Amino acid sequence: MSSTLPNTPDYYAVIGHPIEHSKSPIIHAAFAKDTGQYLQYERILAPLDGFVHTVKTLQQQGYKGANVTVPFKFEAFQLAHHLTERAHDAGAVNTLIFSPEGIVGDNTDGAGLVRDIEQNLHIKISGKRVLLIGAGGAAEGVLHPILAQSPALLVITNRTLDKALSMVKKVEEQGDYRYVSVNAYAFEDLSGQQFDIVINATSTGLTDSTLPLPSTIFAPNALAYDMMYGRETPFMTFAYQHGAQVADGLGMLVEQAAEAFFVWRGIRPVTQVIMQQIRAG
Ligand code: NDP
């Protein structure tokens, strides 16, 4: 009788530059243990001009897939032979599947954010007034998944307004979300407006910069969500001061990893325990 247990693990990795800070190996090890999957997951530092070579080497070595983080999500999008719809919508790839038909590119960031807000924080996006701050890769990645939840209104604001305007234009051209009001505003035009969910998708948390938001931006019981995690950002401090419920991006990080794990292994891991462990340090 032949054994069904594999002799060797399946290999996965997260590729980035820098990469030593990444919590993905800890998260995926916990998922593997929880679900009884035999796999190994490691950090790989790719040279800034060596992403494609790194991916091809992993493929040749028999890896099953990889996550992709800063600054390679757009290169991964270009490299994939096939894109999932959500990767196509996002214009960026954070999950690679090495299949016999080639490299499949997926994007699990938006699903991770939506799951964290709806399942973990118990806040429905449907019917809410949502403000998305930022128009970089992270904002692009979550735009369609947020719209798919049918908010009443989505406003995008960004330091460089043109980028927010072009995100709105793309949504309008696609025509998939005609029932949602989607607009772009400059920071200075936000005064007098209030939102139920305010998502900071800028990198201001990394530099401790403040955002020029009006103090009246939060509706009663609003959620202020910062995609940054690991410390309190000026946006979080501002939100606490003005009465919002505050969440950081750790839940999104763990949930996007769970979604990638599900894509690779077909099993959805439990996320609460590892989230608590990381928070406890
Ligand atoms: P990008 O570099 O692609 O975009 C940066 C964004 O921040 C742009 O909109 C930029 O505006 C804005 N910005 C930067 N500095 C300032 C400033 N001083 N004032 C106002 N706006 C500013 O980064 P990403 O989109 O990839 O990442 C954004 C954040 O999201 C990071 O903190 C990252 O760690 C986090 N993230 C978290 C994830 C998670 O799982 N929790 C997943 C992905 C990202 P402009 O266009 O004008 O330059």
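The legends below describe close-up views of a predicted model.

**View 1. Residues around the ligand.** The ligand is surrounded by 22 residues. Ala 138, Asn 158, Arg 159, Thr 160 and Lys 163 are the closest of these. Sorted by class, the shell holds nine nonpolar residues, 10 polar residues and three charged residues.

View 2. The largest pocket is where the ligand sits. Two elements, α6 (137–147) and α10 (250–265), each give two or more residues to the shell around the ligand.

**View 3. The cis peptide bond at Pro 18.** The bond that joins His 17 to Pro 18 is cis, and its omega is near 5 degrees. Pro 18 belongs to the loop that runs between β1 (10–16) and α1 (24–35).

**View 4. The cis peptide bond at Pro 71.** Between Val 70 and Pro 71 the peptide bond is cis, with an omega value near 5 degrees. Pro 71 is placed in the loop between β3 (65–68) and α3 (73–79).

**View 5. Positive phi at His 122.** His 122 is a residue other than glycine, and its phi is positive, near 60 degrees. The loop between α5 (109–120) and β7 (129–133) contains His 122. The relative accessible area of His 122 is 66%. His 122 is classed as exposed because this value is over the 50% cut-off.

**View 6. Positive phi at Ser 150.** Although Ser 150 is not a glycine, its phi is positive, at about 60 degrees. Ser 150 is located in the loop that links α6 and β8 (153–157). With a relative accessible area of 28%, Ser 150 is partly exposed, because the value falls between the cut-offs of 20% and 50%.

**View 7. Val 55 in helix α2.** Val 55 is part of helix α2, which spans residues 51–60. Its relative accessible area is 0%, so Val 55 counts as buried, the cut-off being under 20%. Along the chain, Val 55 and Gln 119 are 64 residues apart, and their C-alpha atoms are separated by 33 Å.

**View 8. Lys 170 in helix α7.** Lys 170 is found in helix α7, made up of residues 161–174. The relative accessibility of Lys 170 is 43%, so this residue counts as partly exposed. In sequence, Lys 170 and Asp 89 are 81 residues apart. In space, the C-alpha to C-alpha distance of Lys 170 and Asp 89 is 9.7 Å.

Note on methods. Residues are numbered from 1 along each chain as its sequence is written. This is a predicted model: local features need pLDDT of at least 70, side-chain atom pairs count only at pLDDT 80 or more; totals for chains, interfaces and linings use all residues. Side-chain values use heavy atoms; hydrogens and water are left out. A residue is near a molecule or strand if one of its heavy atoms lies within 4 Å of it. On a 1 Å grid over the protein atoms alone, a cavity is a set of points where a 1.4 Å probe fits but cannot get out, and a pocket is an open set with protein on both sides within 12 Å along at least five of seven lines; lining residues have an atom within 4 Å of a point. A molecule sits in a cavity or pocket if more than half of its atoms lie within 2 Å of its grid points. Helices (H or I, at least four residues) and strands (E, at least two) are DSSP runs, numbered from the N terminus. Ala, Val, Leu, Ile, Met, Phe, Trp, Tyr, Cys and Pro count as nonpolar, Asp, Glu, Lys and Arg as charged, and the others, Gly among them, as polar. Buried means under 20% relative accessible area, exposed over 50%, partly exposed in between (1.4 Å probe, protein chains only).
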